[in-house]
Amino acid sequence: MTIEQFSDLIYSLFEVTPSNEITPATDFKELDEWDSLLALEIIALIDEELDISLNGDDIRNVNTIEDLYLVVMKKKKGE
Amino acid sequence: MSNPFSLAGKTIFVTGASSGIGKITAKLCSEQGARLIISGRNEERLNETFSLLTGVGHEIRQMDISEAENITGLIESLPQIDGFVSNAGVAKLSSIRFIKEIDLRNILEVNSIAPILLTKQLMKSKKLKNPSSVVFTSSIAGMYSSTMGNSMYSASKAALNGFMKNAAVELAAKGIRCNTVNPGFVQTSMVDFALLKEEEIDDIRKSYPLKRLGTPEDVAHGIIYLLSDASSWVTGITLVIDGGFTAK
């Protein structure tokens, strides 16, 4: 999965944020729409689509979508 | 003067005793003079709870009560008891659109079905004395409030409250009282705090009129009241222990 595809995947969870505001460099936790429910949904979505288990700390320790992508790819490799 | 809150001479069976509210409830019940039979999934943590108990004669039953076939044997192995604390519970947060059937079934299995089957088997095996007391650890979730992502847990606890009301009326003739404790947000390992921003945790704390989250001790004290003779004329209640949250 490319970073662009990953970014699109994450974007699919957002309801009101315009698509141009979500790029690999987006600090997604700073978006108005961000809350703990979206955090849960990101974990669930990545589990569902990529079969990778993230925990709360994984989300807490990243800022941008690119950071998150790197964590996911690292876990994927470590399988 | 005798202490109506004492549990001296009583035998109390506690599920979910390996951590959180169950662990502290077992410890404090033993300090009130009770003899404990503690059950839980994790042997190591159950032994840790056991080591905290005051007094002698306590017993351990290491078991996963979500496996229905374990329940009959577990109950058959018990002596006659004066109190049952149905405390084992699990939680998993999920938005509604990401609910997984396997998670939903597991939560209902542990939080609703196991307490009902344990109570059924205690009745069938005539293990509850006359008088005795059953206390279910429920929650304000499902009855009094909701929080983001907590729908599966809320549903399981609402089911438990409904069962308790029926059990209270049906078992009253046998001298068995049934009640729930319904805590607000208690700091235990059940909640993954890492998902919450500092501000969100702070907001939760501030949303409680008493300006703090609950402790396992806060809940255990309510359970001890409901187990003790101090609550002899109390059955069918939901004892809310929530720092004033639902009073708002």
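Helices here are DSSP runs of H or I with at least four residues, strands are runs of E with at least two, and both are numbered from the N terminus. With that settled, hello everyone. This is a predicted model, where local features need pLDDT of at least 70, side-chain atom pairs count only at pLDDT 80 or more, and totals for chains, interfaces and linings use all residues. Residues are numbered from 1 along each chain as its sequence is written, while chains are lettered from A and ligands numbered from 1 in the order in which they are written.

Let's start with chain A. Chain A has four helices and zero strands, so its pattern along the sequence reads α-α-α-α. Its radius of gyration, taken over C-alpha atoms, is 11 Å, close to the 12 Å that the globule rule (2.2 Å times the number of residues to the power 0.38) gives for 79 residues, so chain A is as compact as a globular protein of that length. The C-alpha trace spans about 35 × 25 × 20 Å along its principal axes.

Now to chain B. How do α3 and α4 of chain B cross? The axes of α3 (residues 68-76) and α4 (residues 101-124) come within 9 Å and cross at roughly 35°; these axes are lines fitted to C-alpha atoms over the stretch in contact, with angles running from 0 to 180 degrees between N-to-C directions. On the α3(B) side, the contact (C-beta atoms, placed from the backbone, within 7 Å) uses B:Ala68, B:Ile71, B:Thr72 and B:Ile75. From α4(B) come B:Leu117, B:Leu118, B:Gln121 and B:Leu122.

Terms used: Two residues are in contact if their C-beta atoms, placed from the backbone, lie within 7 Å.
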